[in-house]
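The sequence and structure come first.

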Amino acid sequence: MSDTDPNSPSPTAPETDSRDARPDRRDFLLRLGIGAGVVAVGAQGAASLRALVPNVSYDAPTTVKLGAAREFPDGLKFLPDQRLYVFREGNTYHAISAVCTHLGCTVRAEALSQPETREVGGSALRLTHRFACPCHGSTYSGDGVNSSGPAPRPLAWYRLSVAPDDGQLVVDLADEVDRDFRLTLA
Ligand code: FES
């Protein structure tokens, strides 16, 4: 009898046990499943985060055009929409908030019987008014410093500039400035 029986498996031929292949396939399918899960969770998370960000911002703009600078009267002008007092003295301008620092009522300007000149932030400021709050009686001097009542701090001063396109006075209600701020036009 020959050693080379064609029906007997070759001793050198690799045996392919189908049970050995199964763990690889299971492994592959498991990894595929985990990968798909990670992608799905990631996509869901990204969609949730995106939903928190609005497509359009409806915040009110903080920069507002107030009108032609040259047309502001000398002295004080109240702008109710911005709750703002704009002062002009010749070619210099400054703006003081009309929002009381106690609980936010609108302060009223009261004319002084005699204008005062006061050193404010290193420069002279002509005070023609003081401010009074109708809600709880706080008062402020003409440069916005709180002088009596529950108001905890001075009225805010805001940055003024001139629009380059049409020469209008512009206020930035998000940009508080020191009390020595003056916009001086040429
Ligand atoms: S809100 Fe002005 S004093 Fe209270």
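This is a predicted model: local features need pLDDT of at least 70, side-chain atom pairs count only at pLDDT 80 or more; totals for chains, interfaces and linings use all residues.

## The four-stranded sheet

Four strands form an open sheet in the order E5-E6-E7-E8, and the pairing is antiparallel. Strand E5 (108–120) and strand E8 (146–148) are the edge strands, each pairing on one side only.

Strand E6 covers residues 123–132 and strand E7 covers residues 139–140. The two run antiparallel and are joined by 2 bridges. Phe 131 has Tyr 140 in E7 as its bridge partner.

The structure holds 7 salt bridges. One of them pairs Arg 130 with Glu 110, with the closest N and O atoms 2.8 Å apart. Arg 130 sits in strand E6 and Glu 110 in strand E5, so the pair ties together parts 20 residues apart in sequence. Arg 130 is partly exposed, at 34% relative accessibility. Glu 110 is also partly exposed, with a relative accessible area of 34%.

## Lys 65 and its two partners

Lys 65 forms a salt bridge with Asp 165; their closest N and O atoms are 3.1 Å apart. The pair links distant parts of the chain, 100 residues apart: Lys 65 is in strand E1 (residues 63–68), Asp 165 in the loop between strand E9 (157–162) and strand E10 (168–177).

Lys 65 also forms a salt bridge with Asp 166, the closest N and O atoms being 3.0 Å apart. Asp 166 lies in the loop between E9 and E10 and Lys 65 in strand E1, so this pair ties together parts 101 residues apart in sequence.

Asp 165 counts as exposed at 60%. Lys 65 is partly exposed at 38%, and Asp 166 is partly exposed at 40%.

## A salt-bridge network

Salt bridges link Glu 116, Arg 118, Asp 143 and Arg 179 in a network.

Notes. Residues are numbered from 1 along each chain as its sequence is written. Side-chain values use heavy atoms; hydrogens and water are left out. Two strands pair if DSSP finds at least two bridges between them. A salt bridge is a side-chain nitrogen of Lys or Arg within 4 Å of a carboxyl oxygen of Asp or Glu. Buried means under 20% relative accessible area, exposed over 50%, partly exposed in between (1.4 Å probe, protein chains only).
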